[in-house]
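Please examine the structure shown below, together with its sequence.

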Protein chains: 2
Amino acid sequence: MNFFELIRTDVETKARVGILHTDHGDIPTPIFMPVGTQGTVKALEQRNLIELNAQIILGNTYHLYLRPGMEVMKHFGGLHQFIRWNRAILTDSGGYQVFSLQDLRRISDEGVEFRSHIDGSRHFFSAKKVVEIQKTLGSDIMMVLDECVPYGADEQYTRRSMELSYRWAVGSREHFKSIPQIWEHRQFQFAICQGGMFPNLRKEYAERVIQYDFDGFSIGGLSVGEPTELMYELTDLTTDILPATKPRYLMGVGTPENILEAIERGVDMFDCVLPTRNARNGQLFTTQGKINIRNQQYKYSNEPIDSAFADDENYTLGYLRHLFIAKEILGLILATRQNIRFYLWLVRTAREKILTGEFRQWKKEFLSSYLEKK
Amino acid sequence: MNFFELIRTDVETKARVGILHTDHGDIPTPIFMPVGTQGTVKALEQRNLIELNAQIILGNTYHLYLRPGMEVMKHFGGLHQFIRWNRAILTDSGGYQVFSLQDLRRISDEGVEFRSHIDGSRHFFSAKKVVEIQKTLGSDIMMVLDECVPYGADEQYTRRSMELSYRWAVGSREHFKSIPQIWEHRQFQFAICQGGMFPNLRKEYAERVIQYDFDGFSIGGLSVGEPTELMYELTDLTTDILPATKPRYLMGVGTPENILEAIERGVDMFDCVLPTRNARNGQLFTTQGKINIRNQQYKYSNEPIDSAFADDENYTLGYLRHLFIAKEILGLILATRQNIRFYLWLVRTAREKILTGEFRQWKKEFLSSYLEKK
């Protein structure tokens, strides 16, 4: 069976419905992938994710490479076995984290040298090494190493960086195909479209990289500080070029409104730390809008956390507020669960609405009500 | 139906099997009660506790009185409703916490004035007020206010303190009976046997307090630093005096070995923060003994967390170690679950062994194997 099955494209917009067929289950798209940086989606158990119907989660190559390290990963039979998760996993290339290390990394044609944020030890990631690490991790979907251009970089810097990322991408694909699998399940590899904030570079990069038969294409280097409209424009321009037959993944995006706008522009896959990180700060994403649960107004609230979602326990906003004020771990658990539940509901509903041809109308109505109550 | 049903007393020891009949379910004794200080057993969800077959949990009057406060408690319909737990709850009197506040409290015949550890605000607990607070909380079992004598207090101080606690206990019982119920379910009240480290005072206190028809008797002021053998001796002496028809609760105790020794001496109920607090520090109580999960030796361990307990996910010690080293919340969740599971297994097994007449033999064998592997 083909990896990606395109089921329907919206008539009014570029929104698409598809399925990613992996050896760890089918993933309906559009999909949101909860971030499990260190082999756990923070504050949730794996079985919570199954209850919430998460079909795929993310792992971060940079973090897992440093801790627990690849010897442990090999010993346990890869990331799925290590964390006891038999649904799909996508791993990033580690590039984003390494390039965030500012003073701790040095870049060359061969790759990037960096120092661990944990113990200062020196390490080197080449495009090929990152393929090997991800083969060991055994992720269903892996990313190529790329340089993440800082926001504000000029065109000259961006072009030079883009050429480097391009060479790495080509080398990564060759290496991916030439070295053997370690585990038995199929693995897929995505290229990452770069080009900074320059539409001409974004266009050129996408046109060149689609010449290679990657299993999917992601859009990287966005949501790094640029105006939201520019992010939408660059996404739109890129999905115009990407082949309809391959899945498209907008990396690190974003808010519920960002996700719906990107779905409208033809994106299939998303990941973001927003729902999990903000949950731990007391920000809840709900079908009624965003709320800060620490707010005094919830002290006596008998309302459920989100009236749209039935829950056996039906915890109230008042109880959840108490848990946050009292700094209890259960607060983090319940808030995270709500936010992931909401994000998965959002993409699932978008999918249903694309299938029934009501996507644009629903998106408009939902966002108007959702944003109004912020 | 009577509150306490005594089912069997061991022939070789003073160990007992019983049932506490509450309006929130039957509680088999001996029982361990997980501590849910602020309306949550730290790091566990209520449904986890149900899975683990916890029949009763503790709430702390001092903490809940300060936060969220009694107005919130009234508004939500009591503690059970507030935290969505429809099994039994026991609340302490707040005395233990208040008397731990060293510089922040002033004691008189009427009660104790103290300052909140949260915001420094002044409050006053009298024996009667503590009854009223617990009526509002709606706990199934409540405790009387008592003065907790610091370890090392001399006989004169201890006697004076004991007389105060005694007067408070008598006043508490009268008040408990004279004021109306707030919620519909039955509430029960336990006295607390004091007397410090003096066998003669312990004996005298127990003999005097059993003249009053409390629903149960607890043994307080132990496990405060004294030699373990003295704790056992004072417990033994007290249960010799307490009526067989009433449940006995040894407060704040203890290690697995403490619990088995106290069961042997006729105690029915236990609570302790040890399994939950130590879990968060990486100490696991298992049927194989205690382990520190951060230890390097578990880095590559494929062993389940406790081979005696089947678990859907079957997380390994290696993964749990990684979660602790990486400071992940899931580590706290899994370790806490293991420890509570183990404590509940311990008292459940003790109960079975008392019923089959094998308690003493089993205890000996279990402790020898458990302590050896520490």
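The largest nonpolar core of this predicted model has 219 residues. A nonpolar core is a set of buried Ala, Val, Leu, Ile, Met, Phe, Trp, Tyr and Cys residues joined through C-beta atoms within 7 Å. A residue counts as buried if 20 or more other C-beta atoms lie within 10 Å of its own, as exposed if 12 or fewer do, and as partly exposed in between, with C-beta atoms placed from the backbone. In soluble globular proteins, nonpolar side chains tend to be buried together. The residues with the most contacts inside this core are A:Leu320 and B:Leu320. When neighbours within four places in sequence are left aside, B:Leu320 is in contact (C-beta atoms, placed from the backbone, within 7 Å) with B:Ile293, B:Ile305, B:Tyr315, B:Gly331, B:Leu334 and B:Ala335.

Residues are numbered from 1 along each chain as its sequence is written, while chains are lettered from A and ligands numbered from 1 in the order in which they are written. Because the model is predicted, local features need pLDDT of at least 70 and side-chain atom pairs count only at pLDDT 80 or more, whereas totals for chains, interfaces and linings use all residues.

How are the two chains related?

Where the chains touch, 33 residues of chain A are in contact with 33 residues of chain B. Helix 12 (317-325) of chain A gives the most to this side of chain A, with five residues. Helices here are DSSP runs (H or I, at least four residues) and strands likewise (E, at least two), numbered from the N terminus. The copies meet through the same surface, because 100% of the interface residues of chain A are also interface residues in chain B.

Chain A also holds an open sheet of eight strands in the order 4-14-13-12-11-10-6-5, with parallel pairing; two strands pair if DSSP finds at least two bridges between them. Its edge strands, strand 4 (31-33) and strand 5 (56-59) of chain A, each pair on one side only. Three bridges join strand 4 of chain A to strand 14 (residues 269-271) of chain A, and A:Phe32 has A:Phe270 as its bridge partner in strand 14 of chain A.

Technical notes
Contact = placed C-beta atoms within 7 Å.
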